[in-house]
Amino acid sequence: MASDRWKLYFGFEPYYEVDEEGNKTETNLGTWYETWLSGEPTLEQIKSIVLNTINKEVDQKILSGMIWKDMPIWLSTENQFNYKAAYDLAVMSQGQTLPVVFKFGTSDNPVYYKFETLEDISDFYISAMAYINKTLEEGWNKKDNIDWAVY
């Protein structure tokens, strides 16, 4: 009798061991996503699940994956807006709106960072935008390189 439940596996990422010289060796371990489905899924359902998962992964990495000067940076939409506003004002005023302070780090280990120079806030903002763009590009590449024929 055929089962009406299907399990979808996707996104396998292998774990690597790194020796003292920095050489990576693939292990037999890894991570992947899996989900149970009722009935045999269509290719469109599979695409929707896989692409939505990648989008969520990218969003989460943008939100909480940036490190700047050894500090975790929380890039919520609101924070991105606040960082852009502070940067734009600093540039337009040639630094007269500085200093400005932002809270970085984590809830358990907050760091209050004071931007005192135009160079410092520019370095931060440009780094944040580069991080977001790189993360988006990684997500696009991941989606563009899916072999849908295996499904």
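Predicted model: local features only at pLDDT ≥ 70, side-chain atom pairs only at ≥ 80, totals over all residues.
Axes here are lines fitted to C-alpha atoms, for helices over the stretch in contact, and angles run from 0 to 180 degrees between N-to-C directions.

| Helix pair | Angle between axes | Distance between axes |
|---|---|---|
| α1 (residues 43-64) and α3 (residues 118-144) | about 165° | 10 Å |
| α2 and α3 | about 140° | 10 Å |

Helix α1 packs on helix α3 at an angle of about 165°, which makes α1 roughly antiparallel to α3, since angles over 145 degrees count as such. The crossing of α1 past α3 is right-handed. On the α1 side the contact is formed by L51, I54, N55, E57, V58, K61 and I62, which meet Y131, I132, T135, L136, E138, G139, K142 and K143 of α3. Sorted by class, the residues of this contact of α1 with α3 are seven nonpolar, three polar and five charged.

Helix α2 and helix α3 pack at an angle of about 140°, and the two are therefore oblique to each other. Here α2 passes α3 in a left-handed crossing. From α2 the contact draws on Q80, Y83, K84, A86, Y87, A90 and V91, and from α3 on L118, I121, S122, F124, Y125 and I132. The contact of α2 with α3 comprises ten nonpolar, two polar and one charged residues.

A further detail concerns S76, which is placed in the loop between β4 (71-73) and α2 (77-92). With a relative accessible area of 17%, S76 is buried, and a polar atom of the S76 side chain lies 3.0 Å from the backbone nitrogen of N79.

Terms used
Residues numbered from 1 in each chain as written. Heavy atoms only, no water. Helix = DSSP H or I, 4+ residues; strand = E, 2+ residues; numbered from the N terminus. Parallel < 35°, antiparallel > 145°, perpendicular 65-115°, else oblique. Left-handed = near helix turned anticlockwise from the far one by under 90°. Contact = heavy atoms within 4.5 Å. Nonpolar A, V, L, I, M, F, W, Y, C, P; charged D, E, K, R; others polar. Buried < 20%, exposed > 50% of the residue type's maximum accessible area, 1.4 Å probe, protein only. Polar contact = N/O pair within 3.5 Å; in protein donor to acceptor, adjacent residues only side chain to side chain.
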